[in-house]
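Have a look at it below, then read on.

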Amino acid sequence: MSEPVFLRACRGEVVDHVPVWFMRQAGRSLPEYRALRGEGSILDAIADPALACEVTLQPVRRYGVDAAILFSDIVVPYHAIGFGVDVVPGRGPVIARPFRDRDDLERLRDLNAEDIAHVTSTVDLVVDALAESGTPLIGFAGAPFTVASYLVEGGPTRDFGVIKGLMHADPALFDQLLERLVAITISFLRAQVEHGARALQLFDSWAGALNRDEYERFALRATQRVLEGVADLDVPTILFGVGTGELLSLMAEAGSCVVGIDWRVDLDEGRRRVGDKAVQGNLDPARCLSGVQLGVDAAREVLHRAGSDAGHIFNLGHGVLPTTDPLVLEAIVKVVHDEGKAGVA
Ligand code: CP3
């Protein structure tokens, strides 16, 4: 039996339809998610493998997407080692005692299997549930720079002032921080693949806050080391960030199989910047907010820009917005499967 279309497209192979999944496909846009989740921290939901498995499967059932993504979060490993992380609804991760100096390095010990037993149990359940359909599960982690931005800033930030201060004032300390994050990220990703995840996405969501010099010095090398640390597992890897138009040629050197592109760069131009590599993206999530017809029109524009060369995985340019009508995404999956031409035999 041949490999699932999603995995083959990641490797740049010819496929029989363009694969599609959506970042944040599991989440607040789905009524069945809201019904299950209730109140409480998302970290509690993630700690419940049966619940996390069900939430992972909801969008696969509803949309017939070509991949599942584990219901988890980029701060899960840091919560697991007791760094003191919470996720505040409507805001994002918040850190009780942000990373400030050398003493804080000790709070970033490596992960062991017990720390993330809840995550690997969820992976086991999901892989089991998907065995019959063959839909692959994507495991993921935050890339070191993006995770560092939360740990150093203490929460979401618009200006990245604290982390930029630290990286430029004390680059040696920042390197030590990145080294800790690289080790933890590799352990977290390897555990997901050992339990059956068949692809990995590294979210460097906030890399776009950096210029090219900063990206090379303070993000790219750490990302490269993470990708080297999982290369022997032989699963496709995807590197994604937001606002990274100016960084795409550097991101293409990180060693991932696929580069994710946000909606600000047209996909034909994105493909040129990335070079000979598969790309993922890049429908503007906001264009899914105005009904089925406008959403489908926008998806067709992306398919057109993707062209006919192999190696396109359809996705949004960032996560599904909470007010998205699921009917729009349902219609987009159908259009991508019926009309996508990139790499289709
Ligand atoms: O994509 C999926 O369906 C899988 C689940 C997933 C979540 N977080 C669940 C979640 C994934 C892939 C993530 C990754 C993640 N988490 C990123 C990278 C992706 C991106 O959006 O750039 C980042 C930056 C985070 C940190 C984080 N966690 C943020 C910014 C938020 C949003 C805060 C909010 O409430 O709007 C979270 C919380 C979170 N993680 C939610 C979900 C479904 C929403 C809160 C909830 O349902 O309680």
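## Before we start

Helices and strands here are DSSP runs, numbered from the N terminus: a helix is H or I over at least four residues, and a strand is E over at least two. Keep in mind that this is a predicted model.

## The core

Let's begin inside. The largest nonpolar core has 131 residues, and the members that touch the most others are Phe6, Phe99, Leu108, Phe174, Tyr215, Phe314 and Ile332. Helix α9, running over residues 171–194, gives the most to this core, with 12 residues.

Take Ile332 from that list. Setting aside residues up to four places away in sequence, Ile332 touches Phe22, Leu283, Cys288, Gly295, Val296, Ala299 and Phe314.

## Two helices side by side

Ile332 also turns up where two helices meet. Helix α13 packs on helix α14 (residues 326–339) at an angle of about 35°, and their axes are 9 Å apart. From α13, the contact uses Val292, Gly295, Val296, Ala299, Arg300 and Leu303, while α14 brings Leu327, Val328, Ala331, Ile332, Val335, Val336 and Glu339. As for handedness, α13 passes α14 in a right-handed crossing.

Next stop: strand β9, residues 312–316, where you'll find His312. His312 counts as buried because its relative accessibility is 1%, and buried means under 20%. Its side chain reaches the backbone oxygen of Gly281 at 2.9 Å.

Not counting residues up to four places away in sequence, the neighbours that His312 touches include Ala9, Val18, Pro19, Val302, Ala306 and Ala342. Leu267 and Arg271 are also among them, and those two are buried residues of helix α12.

Asn282 lies in strand β8.

## One face of α12

Helix α12 covers residues 267–274, and its buried residues are Leu267, Gly270, Arg271 and Val274. Looking down the axis of α12, these buried residues fall within an arc of 100°, so they line one face of the helix.

What do the buried residues of α12 pack against? They pack against α11 (248–251), β7 (258–260), β8 (278–283), α13 (292–306) and β9. Just after α12 comes Gly275, with a positive phi of about 80°.

Over in helix α7, residues 144–153, sits Ser149. Ser149 is buried, as its relative accessible area is 2%. A polar atom of the Ser149 side chain lies 2.7 Å from the backbone oxygen of Thr146. Leaving aside neighbours within four places in sequence, Ser149 is in contact with Gly154, Gly155, Phe160, Ile163 and Trp206.

Phe160, one of those contacts, lies in the loop between α7 and α8 (161–169). Its phi is near 55°, a positive value in a residue other than glycine. Is Phe160 buried or exposed? With a relative accessible area of 8%, Phe160 is buried.

## Arg24, out in a loop

Arg24 isn't a glycine either, yet it has a positive phi of about 60°. You'll find Arg24 in the loop between α1 (5–10) and α2 (31–37). Arg24 counts as exposed because its relative accessibility is 56%, and exposed means over 50%.

Technical notes. Residues are numbered from 1 along each chain as its sequence is written. This is a predicted model: local features need pLDDT of at least 70, side-chain atom pairs count only at pLDDT 80 or more; totals for chains, interfaces and linings use all residues. Side-chain values use heavy atoms; hydrogens and water are left out. A nonpolar core is a set of buried Ala, Val, Leu, Ile, Met, Phe, Trp, Tyr and Cys residues joined through side-chain atoms within 4.5 Å. Buried means under 20% relative accessible area, exposed over 50%, partly exposed in between (1.4 Å probe, protein chains only). Contact means heavy atoms within 4.5 Å. A polar contact is a pair of N or O atoms within 3.5 Å; within protein, one must be able to donate a hydrogen and the other to accept it, and residues adjacent in sequence count only if both atoms are side-chain atoms. The arc is that of the directions from the helix axis to the C-beta atoms. Axes are lines fitted to C-alpha atoms, for helices over the stretch in contact, and angles run from 0 to 180 degrees between N-to-C directions. A crossing is left-handed if the near helix is turned anticlockwise from the far one by less than a right angle, and right-handed if clockwise.
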